[in-house]
Amino acid sequence: SVQCDNYQGGKLAAEHLIECGCKNLLHFGGVAGKDMPADRRADGFSDVCKKAGIPYRILVSDRLQYGSMHYEDFIRRALQEFPDVDGIFASSDLIASQVIQVGAQMDKHVPEDIQLVGFDDTMISTVTTPQITTIHQPIKEMAKMAVELLVRSGNGELVPNRTTLPVSLVVRETT
């Protein structure tokens, strides 16, 4: 498999939110009952928060939300339950875009009231207002490497079982 460094992405997100002055963090993470490589984002996030002594919560969605990609009710409930949250790390830019929408409906504006970091650096991160600060996942490089490793393996070469590529923080307007 070829994947990005999800753990490092979680660390970068938490570090950036803390550097921006956030004192009470929330992570919209993976899917309840399903372990995925992206869950390591929550691990990196929580390790940084613990080390910094910053209160945090990690919330996971259910399979229906994950399958439909509609997180609005999930986000609304979280913002109602935890009104003191001032920084959010969303496990995808799609979730981050919905945080912006739901927050505006609840009169919680990004970045004035809540600072926000997404993950993926997909097109959606640049078409929202404000544009989303995000963790860049090197999708093109990952795809190229996966094909190269498949071809090499098909030619009888020994290739690694897992390859992990680095991620980077892209600062835009939500922090």
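The legends below describe several views of one predicted model.

**View 1. The whole protein.** The protein folds into seven helices and eight strands. Its C-alpha trace spans about 60 × 35 × 30 Å along the principal axes. The radius of gyration is 17 Å, which agrees with the value near 16 Å that a compact globule of 175 residues would have. Of the 175 residues, 46% count as buried. The exposed surface comes to about 8900 Å², and carbon and sulfur atoms supply 54% of this area. Among contacts with a separation of 6 or more, 76% are made by residues 24 or more positions apart.

**View 2. The six-stranded sheet.** Six strands form an open sheet, and their order across it is β3-β2-β4-β5-β6-β8. The pairing in this sheet is mixed. Its edge strands are β3, residues 56-61, and β8, residues 168-170. Each of these edge strands pairs on one side only. From one strand to the next, the twist averages 20°.

View 3. Strand β6 covers residues 133-136 and is joined to β8 by three bridges. The two strands, β6 and β8, run antiparallel. In this pairing, T134 stands opposite V170 of β8.

**View 4. Helix α5 against the sheet.** Helix α5, made of residues 93-105, packs on the sheet. The strands touched by α5 are β2 (25-31), β4 (87-90), β5 (115-120) and β6. The direction of α5 makes about 155° with that of β5.

View 5. The structure holds zero disulfides, and C4 is in none. The cysteine sulfur nearest to that of C4 belongs to C49 and is 19 Å away. A disulfide is a covalent bond between the sulfur atoms of two cysteines. C4 counts as buried because its relative accessibility is 2%, and the cut-off for buried is under 20%.

**View 6. C49 and C22.** How far is the sulfur of C49 from the closest cysteine sulfur? The closest one is in C22, at 9.9 Å, which is too far for a bond. For a disulfide, the two sulfur atoms must lie within 2.5 Å. Is C49 buried or exposed? The relative accessibility of C49 is 0%, so C49 counts as buried.

Methods:
Residues numbered from 1 in each chain as written. Predicted model: local features only at pLDDT ≥ 70, side-chain atom pairs only at ≥ 80, totals over all residues. Heavy atoms only, no water. Buried < 20%, exposed > 50% of the residue type's maximum accessible area, 1.4 Å probe, protein only. Pairing = 2+ DSSP bridges. Helix = DSSP H or I, 4+ residues; strand = E, 2+ residues; numbered from the N terminus. Axes fitted to C-alpha atoms, helices over the stretch in contact; angles between N-to-C directions. Contact = heavy atoms within 4.5 Å. Rg over C-alpha atoms; globule rule 2.2 N^0.38 Å. Areas by Shrake-Rupley, 256 points an atom, 1.4 Å probe, with all protein chains shown as cover.
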